[in-house]
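Visitor: I would like to learn how to read a few features of a model. Could you take me through them one at a time?

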Amino acid sequence: MDNSLTIKKAFEASKRAYVPYSDCHVGAAICLNDGTIIQGCNIENASYGLSNCAERSALFSLISQGYKKEEINHMVIVSDFKGDTRPCGACRQVMLELLPVNAPIYMLNLDGSFAEKTILELEYEGEFIIIANEDQVDLHGKHQEIYPTYISSPVPLTQLYKEEL
């Protein structure tokens, strides 16, 4: 499925971001298999922990509107800052539970940076530990649905599973 409209919708969403503290506009758009696009933007709060990222805003909106994760085709995340546009740990945790594991995630920003990953690829490259039941994850490329019970950071996942990867 073409992602050009989803990219446009993600940039539109980023313009609606409420960012009085960071001035970093982030937008997300999720394209469903039927072509429906759900948008989200980051919304800051003076109490940082109460802020919400664009990725979670879009996913929470999708679920609130009655859609299911199985309907998701791909997700786009855009930002107006330089360097990689990567989801934070909280977003990765939510994405791990609410995105299909093989759904492409396109990450772009205004300086031309672009990456395409799945949520599992993002987890493998980051410094996050996913603890899930062994029967729910096949690290040899045949991924099943994952229901993580804990996520943390000081040890990269690749160190834990270096023999399997």
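Guide: What covers the buried residues of H1 includes strand S1 (26-32), strand S2 (37-41), strand S3 (72-79) and strand S4 (105-109), where contact means heavy atoms within 4.5 Å, and helices (H or I, at least four residues) and strands (E, at least two) are DSSP runs numbered from the N terminus. This is a predicted model, in which local features need pLDDT of at least 70 and side-chain atom pairs count only at pLDDT 80 or more, while totals for chains, interfaces and linings use all residues. Residues are numbered from 1 along each chain as its sequence is written, and side-chain values use heavy atoms, with hydrogens and water left out.

Visitor: Which residues in helix H1 are buried?

Guide: In H1 (residues 4-14), Thr 6, Ile 7, Ala 10, Ala 13 and Ser 14 are buried, meaning under 20% relative accessible area, with exposed over 50% and partly exposed in between (1.4 Å probe, protein chains only). Because they cover an arc of only 120 degrees around the axis, they lie on the same side of H1, the arc being that of the directions from the helix axis to the C-beta atoms.

Visitor: Which residue forms a salt bridge with Lys 9?

Guide: Side chains of opposite charge can pair when their charged atoms come close. Here Glu 12 forms a salt bridge with Lys 9, the closest N and O atoms being 3.6 Å apart; the rule asks for a side-chain nitrogen of Lys or Arg within 4 Å of a carboxyl oxygen of Asp or Glu. Both residues lie in helix H1, three residues apart, about one turn of the helix. Glu 12 is partly exposed, at 28% relative accessible area, and Lys 9 is partly exposed, at 26%.
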